[in-house]
Amino acid sequence: MVSYKVVFKQLCPPVVWNSLKFVNNRVISKITRRVRKMRNPAKQDLGIYWNKAFADKLENWGEGTVWNEVQFLLANCRGRILDIACGTGKTIDILSKKFSGVVIYGCDISDLLIERAVKKGIPRERLKVCDVTNTDYDDNYFDYAYSIGSLEHFTEEGIVSAIKECSRIVKIAAFHQIPISESGENEGWVKCAGQSYFNNNLEWWINKFKQYHDVVYILDSVWTGGSQIGKWFICLKHKEFNPKESIWP
């Protein structure tokens, strides 16, 4: 018989699980029962994004995995880049120190996380507290955009709206790292301690992105966690590009 702790660990994103210093089996049992009853993809819990302990965890979440991968994806890019759901700005800080040919902006729904980014020295005028589904940036303001482990935490309506908004404000391409179900099944909306998220298959996500992008490429990510594996969705806005505007792809 599978223990409650195993079930709970599989249902929770690693960033949440690792933040729990000690979890009593009785507590896990209670929460697990609640999880089964609360799979409501029309509702998203946002409170954790104002949690200081969670913000601390974001400071090293992508080390050795996605933070390496996004550097390869952006190495040949030039111009303005938006970090969607930028959190504490750690990724912006890494990339800004590596590449001189880009100006990286960030947006996030949490003012607490944005303030962490400001403390890193990221100019406040390049940061915005906003809902990613309605950023208020001008059309084609950015050359590129990226998100890392973010869109799966949106409601289904929010995912589609965020992809649409990204297509509106980005001129060339967007790179989205998303954990998908390792089983290959649409396991649906999972809700556990703090973060709710979709754990669905590759096809489900491709269909979402292709509503607003002409071409979508899939790359493997080395990130894995629980019942999920990472994928990068490389979303091109147009089938053809003006080489004077960009040297990628």
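Author: Helices here are DSSP runs of H or I with at least four residues, strands are runs of E with at least two, and both are numbered from the N terminus. The model is predicted.

Reader: Just after H7, which residue takes a positive phi?

Author: Helix H7 spans residues 111–119. Just after H7, a phi of about 100° is taken by Gly 121.

Reader: Which residue caps the N-terminal end of H7?

Author: The cap is a side-chain oxygen. That oxygen lies 3.3 Å from the backbone nitrogen of Leu 112. The residue that supplies the oxygen is Ser 110.

Reader: Which residues of helix H7 are buried?

Author: Buried means under 20% relative accessible area. An α-helix has 3.6 residues a turn, so residues three or four places apart point the same way. In H7 the buried residues are Leu 112, Leu 113, Ile 114, Ala 117 and Val 118.

Reader: Is His 176 buried or exposed?

Author: His 176 sits in strand S5, residues 170–181. Its relative accessible area is 2%. The cut-off is under 20%, so His 176 is buried.

Reader: With which side chain does the side chain of His 176 make a polar contact?

Author: His 176 touches residues beyond four places away in sequence, among them Ile 84, Ser 147, Cys 166 and Trp 232. The polar contact of the His 176 side chain comes at 2.7 Å. Its partner is the side chain of Ser 147.

Reader: How many residues line the largest pocket, and which lie nearest its centre?

Author: The largest pocket holds about 730 Å³ of space. Its lining counts 41 residues. Nearest the centre lie Tyr 49, Ala 85, Gly 149, Ser 150 and His 153.

Reader: Which element gives the largest share of the lining of the largest pocket?

Author: Four elements each supply at least two lining residues: H2 (14–17), H6 (90–98), S4 (142–148) and H8 (156–169). The largest share is three residues, and it comes from H8.

Reader: How many residues of the lining of the largest pocket are charged?

Author: The lining has 21 nonpolar residues. Another 14 are polar. The charged residues number six.

Reader: Which element gives the most to the lining of the largest cavity?

Author: The structure holds one cavity of 30 Å³ or more. The elements that give two or more residues to its lining are H8 and S5. The top contribution is four residues, from S5.

Reader: How do the residues of the lining of the largest cavity divide?

Author: About 30 Å³ of space lies in this cavity. Its lining includes Cys 166, Ile 172, His 213 and Lys 237. The division is six nonpolar, two polar and one charged.

Reader: Over residues 241–249, how many contacts beyond four places in sequence does the model have?

Author: Mean pLDDT for the chain is 85, and 78% of residues reach 70 or more. Residues 1–8 stay under 50, with 15 contacts beyond four places in sequence. Residues 241–249 also stay under 50, and their count of such contacts is 17.

Conventions
Residues are numbered from 1 along each chain as its sequence is written. This is a predicted model: local features need pLDDT of at least 70, side-chain atom pairs count only at pLDDT 80 or more; totals for chains, interfaces and linings use all residues. Side-chain values use heavy atoms; hydrogens and water are left out. On a 1 Å grid over the protein atoms alone, a cavity is a set of points where a 1.4 Å probe fits but cannot get out, and a pocket is an open set with protein on both sides within 12 Å along at least five of seven lines; lining residues have an atom within 4 Å of a point. Grid points are joined across faces, edges and corners, and a volume is the space filled by probe spheres set on the points. Ala, Val, Leu, Ile, Met, Phe, Trp, Tyr, Cys and Pro count as nonpolar, Asp, Glu, Lys and Arg as charged, and the others, Gly among them, as polar. pLDDT is the predictor's confidence in each residue, from 0 to 100. Contact means heavy atoms within 4.5 Å. Buried means under 20% relative accessible area, exposed over 50%, partly exposed in between (1.4 Å probe, protein chains only). A polar contact is a pair of N or O atoms within 3.5 Å; within protein, one must be able to donate a hydrogen and the other to accept it, and residues adjacent in sequence count only if both atoms are side-chain atoms.
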